[in-house]
Amino acid sequence: MIAEAVRASRNERTQRARGGIEPAGDVYRWMQAAYPGVFLAMIVEGAFRPGPPAAIVIAGALLFALGKALKWWAIATLGDRWTFRVIVVPGMPLATAGPYRTLRHPNYVGVLGELAGAALIAGAPVSGTLGTLLFLALMLARVRVENRALNAILRRT
């Protein structure tokens with residue numbers, strides 16, 4: 001999370017220097033608290049439950065690793081355009097390479113894999129399910145803001 005935060009902050013400055021616009025209505029502040037909070041809740045819940053069977057832990061680790069790999073593939077594909085915030089630079093084309101060839105929002109799919117995988121690893125069915133659903137709702141709200149901003153920019157170009 002720390003490496004991602006450092007990269008996002010550096011890229012945010014780059015995007016703003018290019019004239020990047022942050023649309024209104026983003027749920028970033030909620031996501032900023034919810035993402036680590038969900039992981040923390042899963043760790044706490046898992047500490048009070050018996051450990052999950054090895055097969056569940058392995059499946060969770062695989063799902064987490066696949067989610068993280070997809071997320072980092074999306075980050076690498078976007079390069080300095082990737083940030084935690086929605087910042088759209090007028091005239092910048094949509095990403096169509098890497099995972100963006102088949103998914104519109106691969107980073108968010110990767111995050112869901114991280115959360116579901118961590119829930120399995122931690123043996124946290126309650127906080128894992130509720131936390132993942134909460135974060136999914138936040139991501140869907142964010143996708144609406146992001147799509148609206150991207151579509152507005154594309155209409156202008």
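Trainee: What should I know about the model and its numbering?

Mentor: The model is predicted, so local features need pLDDT of at least 70 and side-chain atom pairs count only at pLDDT 80 or more, while totals for chains, interfaces and linings use all residues. Residues are numbered from 1 along each chain as its sequence is written, and side-chain values use heavy atoms, with hydrogens and water left out.

Trainee: Why is α3 called roughly antiparallel to α4?

Mentor: The axes of helix α3 (residues 54–78) and helix α4 (residues 106–122) come within 7 Å and cross at roughly 160 degrees. Angles over 145 degrees count as roughly antiparallel, under 35 as roughly parallel, 65 to 115 as roughly perpendicular and the rest as oblique. That makes α3 roughly antiparallel to α4.

Trainee: Which classes of residue make up the contact of α3 with α4?

Mentor: The contact has 16 nonpolar, six polar and three charged residues. Ala, Val, Leu, Ile, Met, Phe, Trp, Tyr, Cys and Pro count as nonpolar, Asp, Glu, Lys and Arg as charged, and the others, Gly among them, as polar.

Trainee: What makes α2 roughly parallel to α4?

Mentor: Helix α2 (residues 28–47) packs on α4 at an angle of about 15 degrees, with the axes 9 Å apart. This angle falls under the limit for the parallel class, so α2 is roughly parallel to α4.

Trainee: Which residues of α2 and α4 meet?

Mentor: From α2, Tyr35, Val38, Phe39, Met42 and Gly46 meet Val111, Glu114, Leu115, Ala118, Ala119 and Ala122 of α4; contact means heavy atoms within 4.5 Å. By class, there are nine nonpolar, one polar and one charged residues.

Trainee: What joins the side chains of glutamate 4 and lysine 71?

Mentor: A polar contact of 2.9 Å joins them. A polar contact is a pair of N or O atoms within 3.5 Å; within protein, one must be able to donate a hydrogen and the other to accept it, and residues adjacent in sequence count only if both atoms are side-chain atoms.

Definitions and conventions:
Axes are lines fitted to C-alpha atoms, for helices over the stretch in contact, and angles run from 0 to 180 degrees between N-to-C directions. Helices (H or I, at least four residues) and strands (E, at least two) are DSSP runs, numbered from the N terminus.
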